[in-house]
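This briefing concerns the fold of a single protein chain.

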Amino acid sequence: MGKLVLSDRVITQEDCFVIAEIGSNHGGDPDLCEEMIITAARCGVDAVKLQKRDSRKMFQRCALDAPYENEFSYGKTYGEHRDRLDWFGRKEFERFKATAEKHGVIFFATPFTEHDADFLHALGVELWKIASCDVKNIPLIEKVARYQQPMIISTGGAALADIRRLTTAIDPINQNFALLHCVSTYPNTDANVNLRAIQTLLYEHYISLIGFSSHHPGLLPLIIARTLGAAIFEVHFTLNRGIRGTDHGFSIEPKGLAQAVEDLKRVRVMLGSGRKEPTEEEKKGFIRKMGKAVYAARPIPAGKVLEAEDMEAKSPADGLPPWRMPGLVGRKVRLEKQTGQVFSEST
């Protein structure tokens, strides 16, 4: 069974580790970002995650200069848009990390370039995330793996061959990683979220911890993912779905996030052991009260050979179960029985 070893705990497939993905939903406002971290912590998440992106090192000039005027845009070009969202530097990230730690949650981020990885390593993060867009970026993955810290890797847009390639690359360097099923559409729909892929990953990569990164506007996929075996959950988080930005519409608001955390942690309890056997509560309660046992239907003298008419099934279930009745026919009664007296092994 897979596991992810953090500095203060070990996450196994039986556990439930919830990440609030703030991403760019802060809109470039550090005060809003800090408020989101605090609110997510109060909702009960285990970690909060941002994105670290130096757009000048990530995108070609043509991409940065491309017009980007739409209802979600923070600038006339895509470069201006990204500059507004991605400007946070060392001072801001130290502030966010301190706020998260003060409120008892792990702070980490996704690096989109090797330069961003250097930034986060210098910051002292203890957990790493590789985005789906970098599943094939083996140089970046290997760089992060060499930090010898736990890694979470999303697999949106990846085929099994891509996932095998990346695990083959990092296995010799760092085996402390988890894989998240993800479908890189924004938002996910019921028809494309493909949750059975979680079971495929569990089968193909049984030594790795498996989780689910959701872009779905609802909570149901998280619960289904948990029942299918996911242990890590990345949930896009916003304070208000009406805020301008591409991700807010499918992000979860505080009330929904708190509900998701509570429900996800209840799933393990509800799934139980998997053994099909009566509980002690059942034995002492409904099953005894309403279940049936074999009772004497009429007075039966000692030594009598039992007939079917001598017995009847009645509640409570304090003696032999009714399925034993055919086997009792033709046997001698050892002790006299009065009408309504229960049959037991000794009688």
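Helices here are DSSP runs of type H or I with at least four residues, numbered from the N terminus. Just after helix 11 in this sense, Gly 272 takes a positive phi of about 65°. The model is a predicted one, and the secondary structure of its protein chain comes to 14 helices and 12 strands.

**Overall dimensions**

- The protein chain has a radius of gyration of 30 Å, whereas a compact globule of 347 residues would have one near 20 Å.
- Along the principal axes, the C-alpha atoms fill a box of roughly 100 × 45 × 40 Å.
- Of the 347 residues, 49% count as buried.
- Among contacts with a separation of 6 or more, 64% are between residues 24 or more positions apart.

**Helix 11**

- Helix 11 covers residues 254–271; at 1.5 Å a residue its 18 residues should span 26 Å, and this agrees with the 26 Å between its end C-alpha atoms.
- Its buried residues are Gly 256, Leu 257, Ala 260, Val 261, Leu 264 and Val 267.
- The cover over these buried residues includes strand 3 (17–23), helix 1 (30–42), helix 10 (220–227) and strand 10 (232–236).

- In helix 8 (residues 160–170), the buried residues are Asp 162, Ile 163, Leu 166, Thr 167, Ala 169 and Ile 170.
- These residues lie on the same side of helix 8, because they cover an arc of only 160° around the axis.
- Helix 7 (138–145), strand 7 (151–154), strand 8 (177–181) and helix 9 (197–204) are among the elements that cover them.
- Leu 179 belongs to strand 8; with a relative accessible area of 0%, Leu 179 falls under the 20% limit and is therefore buried.
- The contacts of Leu 179 include Ile 163, Leu 166 and Thr 167, as well as Ile 153, His 205 and Leu 209.
- Leu 179 and Glu 280 are 101 residues apart in sequence, and their C-alpha atoms are 39 Å apart in space.

**Nonpolar cores**

- The largest nonpolar core has 61 residues, of which Val 45, Val 48, Leu 50, Phe 93, Met 151, Phe 212 and Leu 257 touch the most other members.
- Helix 1 contributes the largest share of this core, six residues.
- Val 48 touches residues including Ala 20, Ile 22, Ile 37, Ala 40, Val 105 and Phe 107.
- A second, separate core of 15 residues includes Leu 6, Phe 17, Ile 152 and Leu 180.

Key. Residues are numbered from 1 along each chain as its sequence is written. This is a predicted model: local features need pLDDT of at least 70, side-chain atom pairs count only at pLDDT 80 or more; totals for chains, interfaces and linings use all residues. Side-chain values use heavy atoms; hydrogens and water are left out. Helices (H or I, at least four residues) and strands (E, at least two) are DSSP runs, numbered from the N terminus. The expected span of a helix is 1.5 Å times one less than its number of residues. Buried means under 20% relative accessible area, exposed over 50%, partly exposed in between (1.4 Å probe, protein chains only). Contact means heavy atoms within 4.5 Å. A nonpolar core is a set of buried Ala, Val, Leu, Ile, Met, Phe, Trp, Tyr and Cys residues joined through side-chain atoms within 4.5 Å. The arc is that of the directions from the helix axis to the C-beta atoms. The radius of gyration is taken over C-alpha atoms; the globule rule is 2.2 Å times the number of residues to the power 0.38. Lists of a residue's contacts leave out its neighbours within four places in sequence.
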